[in-house]
Amino acid sequence: MTASLADSSVIRFARGVRLQHDRVRDRWIIQAPERAFIPDLVAAEVLKLVDGSRTLGQIVTELAGRFTAPVDVIGRDVHVMVTDLITRQVLTA
């Protein structure tokens, strides 16, 4: 976890970035200006919960309940992923 990223941080997509489902290929794509990312299935489940109003803690709690997994384990993984995507300027907190 980074010092600036807390469970109370509201996570949103950076300006001009969006998550879109490609129906033809049946996969999720992160579209950004002049670049695109193809998240794996786990990352896509996290990103589908990023709506600009949920906090990181709420996202972690939702995923832990949905997948019947320990909050601390899911929390670590989600924090790492979100921190990486903030560094890549895909998400903001």
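This is a predicted model: local features need pLDDT of at least 70, side-chain atom pairs count only at pLDDT 80 or more; totals for chains, interfaces and linings use all residues.
Across the whole structure, a search finds seven salt bridges. One of them joins the side chains of Arg 66 and Glu 45, with 3.0 Å between N and O. Because Arg 66 belongs to helix 2 and Glu 45 to helix 1, this pair ties together parts that are 21 residues apart in sequence. Arg 66 is partly exposed, at 39% relative accessibility, and Glu 45 is also partly exposed, at 22%. Both residues take part in a network of salt bridges that links Glu 45, Lys 48, Glu 62 and Arg 66.

Between helix 1 (41-47) and helix 2 (56-67) runs a loop, and Thr 55 is found in it. Thr 55 has a relative accessibility of 16%, and since buried means under 20%, Thr 55 counts as buried. Leaving aside neighbours within four places in sequence, the residues in contact with Thr 55 are Asp 7, Ser 8, Ser 9 and Val 10. With Asp 7 there is a polar approach as well: a polar atom of the Thr 55 side chain lies 3.4 Å from the backbone oxygen of Asp 7.

Two further salt bridges may be considered. The side chains of Arg 25 and Asp 22 meet at 2.8 Å, N to O. In this pair Arg 25 is exposed, at 54% relative accessibility, whereas Asp 22 is buried, at 12%. Asp 84 and Arg 88 form another salt bridge, their closest N and O atoms being 3.1 Å apart. Here Asp 84 is partly exposed, at 36% relative accessibility, and Arg 88 is likewise partly exposed, at 41%.

How values were computed. Residues are numbered from 1 along each chain as its sequence is written. Side-chain values use heavy atoms; hydrogens and water are left out. Helices (H or I, at least four residues) and strands (E, at least two) are DSSP runs, numbered from the N terminus. Buried means under 20% relative accessible area, exposed over 50%, partly exposed in between (1.4 Å probe, protein chains only). A polar contact is a pair of N or O atoms within 3.5 Å; within protein, one must be able to donate a hydrogen and the other to accept it, and residues adjacent in sequence count only if both atoms are side-chain atoms. Contact means heavy atoms within 4.5 Å. A salt bridge is a side-chain nitrogen of Lys or Arg within 4 Å of a carboxyl oxygen of Asp or Glu.
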